[in-house]
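Work through the exercises below with the coordinates open. Try each task before reading its solution.

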Amino acid sequence: MPTKDDGADKEKCFELFKDIGLDEGTARNTVANKKVTTNLITVIDEAGVTGGCDRTVGNLLYTVATKYPGNALPNRPTLLQYIITSKVKTAAQLDAALVFLAAIGPENLDLKKFEEACGVGIEVSTEDIQNAVNEVFEENKEKILELRYRINVGELLGHVRKRLPWADAKVTKGLVDAKLVELLGPKTAADDEKPTKKKKEKPAKVEEKAAPIAAPEKPPEEELNPFLIFPNPEENFKVHTDVHFSDGSILRCCNTKELLDKHLKATGGKVLTRFPPEPNGYLHIGHAKAMFIDFGLAKDRNGGCYLRYDDTNPEAEKKEYIDHIEEIVRWMGWEPFKITYTSDYFQELYELAVELIKRGHAYVDHQTPDEVKEYREKKLNSPWRDRPISESLKLFEDMRRGLIEEGKATLRMKQDMQSDNYNMYDLIAYRIKFTPHPHAGDKWCIYPSYDYAHCTVDSLENVTHSLCTLEFETRRASYYWLLHSLGIYQPYVWEYSRLNVSNTVMSKRKLNRLVTEKWVDGWDDPRLMTLAGLRRRGMTPTSINAFVRGIGITRSDGTLISVERLEYHVREELNKTAARTMVVLNPLKVVITNLEANSVIEVDGKKWPDAQADDPSALYKIPFSNVVYIERSDFRMQDSKDYYGLAPGKSVILRYAFPIKCTEVILADDNETILEIRAEYDPSKKTKPKGVLHWVSQPSPGVDPLKMEVRLFERLFLSENPAELDNWLGDLNPNSKVIVPNAYGVSSLKEAKVGDTFQFERLGYFVVDKDSTVEKLVFNRTVTLKGSYGKGGK
């Protein structure tokens, strides 16, 4: 069979995956994902089904390969045996098993508790299911009789599932369907009819308002509490991880009872997490996921989350970034338990480094960066690795006092240069930098590394859950090795998949290049996925958090999330909160010939689709005069059956106002360019044309409507995954920002303030930009009215 070590041929993997019952599409998609392929091959091997198995077992094995908790790998073979022997045989049982295993981690499996947790041995008879179905129907009888076959069957199935979580889903569905027929009789013609809807005016090209997109089937993460997978602080005595050394020994890192008791006494048993950004750039949407997990877990458990600035590099930190981070964290809806800096602990970190040397776990080294790289590649020990402890202590003190030149010495942890994990190759703990620190001043000329400070400060702050992205998983061994070597408290570490969004880049290096080389207009350019950029574009923190929650906090890495999924959540919120108004982007003048030039009629526009005529707060006044403006795209010289805009001799309705009929077209000298339209309006409104257009008019004779600038934003990059391209800058979308300098808006918009959001009818959702002035408003398009995510898009 193919193995994870020999770069197995994709076609062999594809055939193997089909042999375990995966359908062709799933098998192809799996082969395209290296990580899932590797995991699934390992699972098939562990389960002993390299020759194939039935579809039910194969689908369960696929779920194990994609969702199994990484902290419980020692117990995976046991779960697989339960699956291939059909003791765990349904998706519901497997989901329960995965939750149970994630909670206990690598500790010895109590089979009795495990079997109870996932329903092993529980046989649910057809009679049991029928009884449960009868009970559910009796409780919901009135509603079922009212709605008949329009009843939400999924809701009924959910009620049955609550009573019998291990019941066979297909049998349950069959009995529910049969019970419906028994209660209601066969379907009638009326049952097959679609519910009658109130007839709406048909707009010119797109819907007259942004109807909420039908929500896609929500993933489990949106229905369940995503934080249930994390243990409580008092459970933090279990083995965190195994550190395998090259000599064959294994270090099993965990808290002693004394350390855990001391920790619990200090915290009162509360959950304490930390959000530890480096103050060397602006936060992006990936940080929104980190915030949701770090602050969200603390909030869910009534604990606290530190906002800790990881400021170990004095050359990279800027006050601009520090101020931005604190401000954007609060904008996202999170309140830090305490704001700290790694530099707050420089003295404690130094003292612990001295202790590490005294314990024989660190040494002062004089290798150059190139020599360090060469020795690591060859897995060779540094010539200074075994120098006497007293010598390292003296040299480290000389480093602290500034007696050694920058670059001439470092403090390195004495780990395992022959390990299979390169993050155990005697990582640097301290280096010399004769640079004042923005927060700590000029007291220090030696600064701790991330690998040394991160885990140590986690311990000093009594963090209960240290949560980070999967690229840090290989650093877990070093994390626990250091805390174990110092004999201090060890937090619970868990890694989750990083957030990758399509049509953008999120590495700080690439973002910094886009900003500094002026490919974009600063860190808050609305085309960027920085949180400042998303805010300026008009996206709200609640919609961003809803997007992150919907993705979940799984360990499935490498998934590229379509930006349309974010836009879906934004539309969902703005559809409820953004007042409707009218703006014309490319105005075409229409003169109403049967309305006097000095006559102005006020009509009421609706801020909300369900606005009532007797509620003045839900309406806005629109002047209707003899000069109005429509979109140029809403007029054609040639009419057609499927066109609902204006054309010679044709009528349309001006939204909230009157029907108008085109009577004449004024052309320029080239006999092609349309200068203006002449039309007549129907004051009686007896005409009932199908097309409905948005419009603005002169508020008074000879006075132009409110002039504004509108910025239309599209994807910043043309490719879904520009980060993987060598020439990623060459993939920039030349049309990612289109400026409409002279749009017209209704008069009521002149009171709009920076940050106010609106739905421009038939055009999309827009927000007032900070570049607005008293003379001219500037609007940014947040999203269009429609997207494809709710129609099956990713």
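The model is predicted; local features need pLDDT of at least 70, side-chain atom pairs count only at pLDDT 80 or more, and totals for chains, interfaces and linings use all residues. Residues are numbered from 1 along each chain as its sequence is written, and side-chain values use heavy atoms, without hydrogens and water.

**Exercise 1.** Find how much of the chain is buried.

Solution. Take buried as under 20% relative accessible area, with a 1.4 Å probe and protein chains only.

**Exercise 2.** Determine in which sense strand E22 pairs with E16 and with E21.

Solution. Strands are DSSP runs of E, at least two residues, numbered from the N terminus. Pairing requires at least two bridges in DSSP. E16 (residues 587-592) runs parallel to E22 (residues 674-681), over four bridges. E21 (residues 659-667) pairs with E22 in the antiparallel sense, over seven bridges. Finally, check the hairpin of E21 and E22: six residues lie between the strands, and asparagine 671 has a positive phi near 65°.

**Exercise 3.** Describe how helices H17 and H20 cross.

Solution. Helices are DSSP runs of H or I, at least four residues. The axes of H17 (residues 346-358) and H20 (residues 450-460) come within 11 Å and cross at roughly 110°. The two helices are therefore roughly perpendicular, a class spanning 65 to 115 degrees. Contact means heavy atoms within 4.5 Å. The contact residues include Leu352 of H17 and Val457 of H20.

Technical notes:
Axes fitted to C-alpha atoms, helices over the stretch in contact; angles between N-to-C directions. Parallel < 35°, antiparallel > 145°, perpendicular 65-115°, else oblique. Buried < 20%, exposed > 50% of the residue type's maximum accessible area, 1.4 Å probe, protein only.
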